[in-house]
Each structure stands twice: as C-alpha cells, then as structure tokens.
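Please walk through this protein model with the sequence and the coordinates open side by side. The description goes element by element.

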Amino acid sequence: MSSPAPTSKPQATAELAKSEITRVGTGEVVIAARRLSYWYGKVIGVNDISIDIGQGVVGLLGPNGAGKSTLLKCLTGQLRPTTGMATIAGARVWNNPKAFAQLGFVPEQDAFYEDMSGRDFVTHLTRLQGFSRSDAAALAEEAIATVSLTDQAHRRIREYSKGMRQRIKIAQALAHRPKVLFFDEPLTGTDPIGRRTIIDLIQRLGDEGHTVLVSSHILHEVEAMTSDIVLINRGRVLADGNIYRIREMIDEHPHRIYVECDEPRRLASLLSVYADTLELKFTERGFFVSTSDPDQAYSRIAKLSVEHGLALHALTSSDNDLSAVFRYLVS
Ligand SMILES: Nc1ncnc2c1ncn2[C@@H]1O[C@H](COP(=O)(O)OP(=O)(O)OP(=O)(O)O)[C@@H](O)[C@H]1O
C-alpha cells in the first residue's frame with residue numbers, strides 16, 4: 001500500500017475511546033501501542049494501531065506483508081515509530097535500555113556468528129545485557145536446557161539444522177529471563193518434532209504468566225498455541241478476540257467443500273435439493289459444493305455417501321486457511 005506520509009502529529013492517548021483500542025491477553029496491560037504508525041518512505045508498514053496486550057500467549061496473524069514484523073520491531077524498540085508510541089510495563093520502548101531488559105525477541109531471520117558454538121552465542125548476547133561472565137554463562141546454560149539443546153550446545157551454529165537454529169534463537173531471547181517475549185514466525189522451516197517443542201514451550205511460557213506475542217501467517221499454527229488472536233492486514237487491525245469468533249465469521253460466509261467420491265454427479269445431485277447448498281462446481285474427479293451451513297453439509301455428505309454406497313476419497317475445505325478469513329473480512 002502506498003500513500004503520502006502523514007504530516008499531523010499523533011493524537012494524545014487520552015483522546016482515544018476505549019473502543020478504539022484493541023484489547024487482547026489477560027490481566028494487566030503489559031505491552032501497549034497508541035496510534036502507532038511506521039512508514040518505510042512512502043510505503044506504510046503499520047497504520048495507526050492502538051492495542052493493549054495483557055498476559056498469556058497472543059497470536060498476531062496476517063498474510064505476508066501485513067505489517068507483523070514491522071509492528072513487532074516497533075514494539076521491541078528496533079524501529080522508532082513514525083508517529084504514535086509503544087510501551088512495555090508503562091515505559092516507552094524506543095531508546096530505553098530498561099525496557100529492552102524486560103523483553104526477549106526471536107527474529108524471523110537468522111543473524112548468527114556462524115562459527116560460534118550455540119553456547120557461546122547465547123552467552124555473549126546475554127553478557128550484552130550487562131551480566132557478568134559467570135552469570136551470563138549460567139543463564140545461557142539454563143535457557144539452552146529449556147529449549148532442549150544442551151547436548152548440541154558445543155557445536156558450531158553453521159552445523160545446526162533449521163529447527164536447532166530456531167531453538168538457539170529462542171534460548172537467546174529467554175536467557176536474561178524477560179517477562180515479555182516476541183516471536184516472529186517461529187515455526188518457519190521447522191520439522192514436526194521441532195514445531196511441537198516450540199509450540200509446547202510457547203504455551204508453557206504463557207502458562208507461567210509471561211506475555212508472549214507470536215506472529216504467523218498460518219491460522220492453524222497459531223491455533224495450536226492460543227485462541228487469543230489479533231488479525232492484521234495492510235498495517236491495520238482487522239479483528240481481534242477469540243479464534244472461535246473468527247471461525248464463526250468464516251461460517252457466516254459461504255463455505256466451500258471439496259468432495260471426491262465414486263459417482264460424484266450422483267452425490268452432487270443428492271446434495272442439490274438442500275437449501276443451504278448454494279453452488280456445485282465439477283472437477284475432473286469430484287466437485288466443490290458451496291454451503292451456508294458447513295457443519296450440516298459435512299455430516300450430510302458423510303451420511304449420504306454411506307447410505308448410497310458412494311465411497312468418499314476426499315473431503316476437504318479450502319476455506320480453512322487464513323487467506324479465506326481475510327477475503328471475508330476485507331469484503
Ligand atoms: N525495509 C523495508 N523497506 C520498504 N518496505 C518495507 C520494508 N520492510 C517491510 N516493508 C513493507 O512494509 C509492509 C509490511 O511488511 P512486514 O514485513 O512488516 O509484513 P509481515 O506481515 O511481517 O510480512 P512477512 O511475513 O512477509 O515479513 C509491506 O508492504 C512491506 O513490503
């Protein structure tokens with residue numbers, strides 16, 4: 001999205017109505033943004049976001065280019081907001097080392113000294129937080145154990161798999177024991193076991209009372225960690241709240257189910273008599289059915305195929321992904 005950079009000053013926080021502030025997480029507000037915008041020259045990264053984030057795990061969902069990384073960078077003090085502000089525990093983040101000490105950040109991109117061991121990498125970065133050599137070493141060891149990398153910590157990062165790289169980045173973010181953690185697309189490129197380890201860890205951090213903000217463009221990834229989500233698109237908050245509410249929004253819209261079975265035309269004709277069947281579209285091996293009542297449609301397809309002896313080979317929904325949610329919300 002491209003439009004001229006704003007010239008007006010940010011409005012004061014007090015001028016915002018409560019309804020203009022997105023509220024996620026539980027308990028006291030830990031992370032806050034007020035009228036936060038960030039412009040890359042004439043391209044907007046984050047557009048006037050006001051949000052209060054409490055404890056627990058919160059998912060920041062949006063398609064590629066939505067502004068997730070830019071928002072995380074503003075909230076962690078890596079980028080100075082063009083307008084507006086970000087705070088952690090009430091203190092402004094930008095240019096404030098005290099705020100940095102309270103947060104841990106797991107970036108999407110790798111930025112390693114590849115020839116360092118995992119252990120040295122975490123220890124050195126922890127020393128930069130102001131800890132003595134021995135304290136930093138002890139904290140690093142603890143964090144490395146938390147991500148189950150103790151056995152591999154002596155190896156050079158160059159030799160690490162993608163999943164191990166993700167975990168050593170997480171150890172780096174945890175070592176100084178921050179209460180607030182930011183994960184930018186933490187599951188990218190990980191295998192199923194690595195994913196499980198990271199998801200479990202994120203949930204545990206949330207259960208222990210940390211505030212954890214996790215960005216992703218994949219709905220089911222975030223769903224595995226939390227039901228508390230914020231949807232962003234084109235730099236703006238589109239919706240927030242419980243993931244089930246978002247699912248309800250999906251269900252309020254025509255839902256497309258793909259069916260492959262023996263004699264697809266026969267099953268399609270059986271479905272065509274129901275009022276919630278909106279459209280049928282055939283493919284080489286099956287058909288798409290659009291329905292206004294997905295729950296009914298799923299059970300009906302299963303029931304009819306059994307009753308009429310039509311073996312089902314595929315029953316899937318292409319609408320379960322995030323792009324569908326966004327299509328609905330934007331339209
Ligand atoms: N360094 C940059 N220079 C110019 N534009 C940028 C830069 N970084 C991001 N943008 C633009 O800002 C917008 C938001 O990008 P951002 O990287 O924050 O999105 P994202 O949701 O994190 O997406 P992705 O997961 O693809 O990184 C996009 O339009 C993007 O092209």
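The model is a predicted one, in which local features need pLDDT of at least 70 and side-chain atom pairs count only at pLDDT 80 or more, while totals for chains, interfaces and linings use all residues. Residues are numbered from 1 along each chain as its sequence is written.

Helices (H or I, at least four residues) and strands (E, at least two) are DSSP runs numbered from the N terminus, and two strands pair if DSSP finds at least two bridges between them. Strand S2, residues 26–40, runs antiparallel to strand S3, residues 43–61, and eight bridges join the two; within this pairing, Leu36 has Ile49 of S3 as its bridge partner. The hairpin of S2 and S3 has two residues between the strands, and Gly41 there adopts a positive phi near 60 degrees. S2 also pairs with strand S4, residues 83–88, in the antiparallel sense over five bridges, with Ile31 standing opposite Ile88 in S4.

Around the ligand lie Tyr40, Val43, Gly45, Gly62, Asn64, Gly65, Ala66, Gly67, Lys68, Ser69, Thr70 and His217, where a residue is near a molecule or strand if its C-beta atom, placed from the backbone, lies within 6 Å of it. Two or more residues of this shell come from each of S3 and helix H1 (68–75), and H1 gives the largest share, three residues. By class, the shell has three nonpolar, eight polar and one charged residues, on a scheme that counts Ala, Val, Leu, Ile, Met, Phe, Trp, Tyr, Cys and Pro as nonpolar, Asp, Glu, Lys and Arg as charged, and the others, Gly among them, as polar.

Is S8 buried or exposed? Six of the six residues of S8 (residues 211–216) are buried, so the strand is largely enclosed by the rest of the structure. A residue counts as buried if 20 or more other C-beta atoms lie within 10 Å of its own, as exposed if 12 or fewer do, and as partly exposed in between, with C-beta atoms placed from the backbone. Both faces of S8 are covered, with Thr211, Leu213 and Ser215 buried on one side and Val212, Val214 and Ser216 on the other.

A further sheet is open and antiparallel, with four strands in the order S12-S13-S11-S14. Its edge strands, each pairing on one side only, are S12 (277–282) and S14 (312–317). Within the sheet, six bridges join S11, residues 255–261, to S13, residues 286–291, in the antiparallel sense, and Tyr258 has Phe288 of S13 as its bridge partner.

Helix H3, residues 118–127, has as its buried residues Gly118, Arg119, Phe121, Val122, Thr123 and Thr126. These buried residues pack against helix H4 (133–146) and helix H5 (162–174), where two residues are in contact if their C-beta atoms, placed from the backbone, lie within 7 Å.
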